[in-house]
Amino acid sequence: MGQPVFTLQPPDTWCIHPQFQPLRGVIAIPGDKSISHRALMLGALATGTTHIRGLLIGEDTCSTAACFQALGARISELNSDSVQVDGIGLGALQEPEDVLNAGNSGTTLRLILGVLAAQSQGFFAITGDRSLRSRPMGRVVTPLQQMGALIWGRKGASRAPLAIQGQSLRPIHYHSPIASAQVKSSILLAGLQSEGATTITEPFLSRDHSERMLAAFGAAIATNPETCSVTVTGPSQLQGQDVSVPGDISSAAFWLVAASILPDSELLLTNVGVNPTRTGILEVLLAMGADIHQENVRVVTGEPVADLRVRSASLTSTDIQGEIIPRLIDEIPILAVAATAAQGITRIRDAAELRVKESDRLAAVAQQLTKMGASITEYADGLDITGGSQLQGTELDSYGDHRMAMGLAIAALSAQGTSYIGQGNAAAVSYPTFIHTLQTLVGE
Ligand code: S3P
C-alpha cells in the first residue's frame with residue numbers, strides 16, 4: 001500500500017503524498033458533463049418525459065438543472081441512477097422572477113443564451129461566478145444578435161451578467177472564427193426555434209454531442225463533417241427520450257495519465273464515451289507510447305462507448321496542434337503532466353482558447369508545474385514542456401479550476417515529497433468523487 005492521500009485543513013486543500021506503489025483496479029467513470037447538460041436542456045425543451053441514466057451529478061450540471069427548473073421544467077431529484085425531466089415544450093418557458101445563475105459553467109450560460117434569445121416572449125437575466133463573469137460571451141452574443149436577438153450586458157454585452165428580451169429570430173449561416181461546441185450549440189438551439197434553415201460552419205470539427213442528441217430528440221438536423229457544417233431547420237419540436245450518459249473521457253483522462261506514468265499500474269476505466277470528436281487524448285497518448293486498449297466497444301444512445309484498459313508505459317514527447325486541439329481542449333492540463341514524464345520536448349500550439357477557460361490554463365499549468373520543478377516555456381498559444389526530470393512536491397493552487405486541481409493531484413502522485421493543492425474541491429464542478437476514488441485506489 002502506498003502512503004495515504006488525504007485532504008487537510010483548511011478543508012479545501014488537498015495534501016498528496018507521492019505514490020511508490022502501482023495504481024490497480026477498476027474505475028467507473030462518472031457521466032459526461034457535456035452530454036449531461038444537453039440531456040437536461042433538451043429534456044426541458046421537449047414535449048413529454050425524458051429519463052436520464054448516468055447523469056453527471058456535479059456543480060455544473062446542478063447549475064443547468066436549477067436554471068431550467070426556474071424556467072418551468074419539472075426535474076426530479078438529481079441522482080446518477082435515473083433523473084426524470086418533464087419537458088415544457090419549445091417556446092413555452094416561463095419568465096423566472098429572479099436572476100438565473102450558471103455558477104462556474106460556460107456550457108450552461110452559452111447554451112441557455114441561444115434558448116432564451118429565441119423565446120418569443122419573456123425577459124431573462126443570467127449571471128455566474130467570478131470566473132464565468134470574466135469569460136467572453138461575445139462569441140455567442142454576436143451571432144445571436146445577427147439573428148435579431150436583444151441581449152444587454154457588461155462590456156458591450158460580452159460579459160455576464162447578461163439580460164435577454166426573448167424575440168422571434170431569423171435564421172443565419174454563421175461562419176464561426178473558432179471551433180467551439182458551445183458557440184455551435186447555442187446557435188443550433190436558437191435556430192431550432194426560428195423559421196427556416198440555420199447553418200453554422202466552424203474551422204475544425206468541435207464535439208458533436210448536440211447534433212447527435214438533437215437528432216435523437218427528433219429535430220430536423222443535417223451535418224456535413226467534411227465542411228464542418230451543421231444545419232437545423234426550425235421550428236422543430238423535440239420529443240422526450242430515454243438517454244444513457246456515458247462516462248466522461250475528460251474525467252477518465254486523469255486516470256489514463258496516472259496509470260501511464262506510475263510504474264506497474266493497470267486500470268480498467270469502464271463505460272467511457274469515445275466519440276471521435278473527443279478522443280484526441282487517446283490519439284496523443286498512443287503517439288507518446290502509452291499502452292491503452294479499447295474493450296467492449298458499443299453504441300449507447302447514439303454515442304460510441306468503450307472500456308479503456310491502461311497499463312504503465314515509458315512515454316516520449318510529441319507535438320500537439322491544429323485540428324486535434326478542439327478534440328482534446330479540456331485535456332491539455334493533464335497532457336502537460338504526461339509531458340513532464342515523457343522523454344523530449346512536447347510542443348503544444350494553437351491552444352490560445354485555454355486562456356479563456358475556467359482559469360487561464362496555459363499560465364496556470366506553466367506556473368504550477370514550474371513550481372514543481374518542470375521545465376516549461378509559455379507561448380501566447382501554447383507550451384513547450386521538456387520532460388524527464390523528477391517533479392518535486394510543493395505548495396500548489398488550482399486557481400479554482402476543476403481540471404487544474406485534478407491534473408496537479410496526478411502530478412503530485414509522481415513527485416518527490418508532499419504536495420498541498422489549494423482549492424482542491426474545485427474538482428466538484430465535474431468530478432466530485434475524484435479524491436475519494438484516488439483514496440480508494442491507494443488503499444485508504
Ligand atoms: C463544451 C465545449 C468546450 C469545452 C467545455 C465543454 C461543451 O468549450 O471546453 O468544457 O459542452 O460544449 P468550447 O466550446 O468553448 O470550446
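Start by selecting Asp291 and Arg311, which form a salt bridge whose closest N and O atoms are 3.9 Å apart. A salt bridge here is a side-chain nitrogen of Lys or Arg within 4 Å of a carboxyl oxygen of Asp or Glu. Side chains of opposite charge can pair when their charged atoms come close. This pair links distant parts of the chain, 20 residues apart: Asp291 belongs to strand E17 (residues 291–300) and Arg311 to strand E18. Helices (H or I, at least four residues) and strands (E, at least two) are DSSP runs, numbered from the N terminus. If you search the whole structure, 25 salt bridges turn up.

A word on what you are viewing: this is a predicted model, in which local features need pLDDT of at least 70 and side-chain atom pairs count only at pLDDT 80 or more, while totals for chains, interfaces and linings use all residues. Residues are numbered from 1 along each chain as its sequence is written, and side-chain values use heavy atoms, with hydrogens and water left out.

Next, colour the two domains. Domain 1 covers 6–30 + 246–441, and domain 2 covers 33–244; such bounds come from an automatic or database domain assignment. Their centres, taken over C-alpha atoms, are 28 Å apart. Domain 1 gives 28 residues to the contact and domain 2 gives 25 residues, where contact means heavy atoms within 4.5 Å. Together the domains bury about 2200 Å², with 51% of it on carbon and sulfur atoms. Buried area is the accessible area (1.4 Å probe) that two parts lose on being put together, summed over both.

How many salt bridges cross the interface of domain 1 and domain 2? The rule finds three. Now select Glu353 and Arg139, whose side chains meet in a salt bridge (2.9 Å, N to O). On the side of domain 1 that touches domain 2, strand E18 (303–311) and helix H13 (402–413) each supply at least two residues.

Now move to the ligand. Which residues are around the ligand, with a heavy atom within 4 Å of it? Select Ser34, Arg38, Thr107, Arg110, Ser180, Ala181, Gln182, Arg207, Ile329, Asp330 and Lys357. Zoom in on Arg38: an N or O atom in its side chain is 2.6 Å from an oxygen atom of the ligand. At Ser180, a polar side-chain atom also lies 2.6 Å from a ligand oxygen. Gln182 uses its backbone, where a polar atom is 2.9 Å from an oxygen atom of the ligand.

Finish with some backbone details. Most residues other than glycine have a negative phi, and most peptide bonds are trans. Select Ala160 and Pro161: the peptide bond between them is cis, with omega near 5 degrees, and Pro161 is in strand E10 (residues 159–165). The bond from Gly234 to Pro235 is cis too, with omega near -5 degrees. Pro235 sits in the loop between strand E14 (229–234) and strand E15 (242–244). Last stop: Cys228, with a positive phi near 50 degrees, in the loop between strand E13 (220–224) and E14.

Methods:
Near = heavy atom within 4 Å. Polar contact = N/O pair within 3.5 Å; in protein donor to acceptor, adjacent residues only side chain to side chain.
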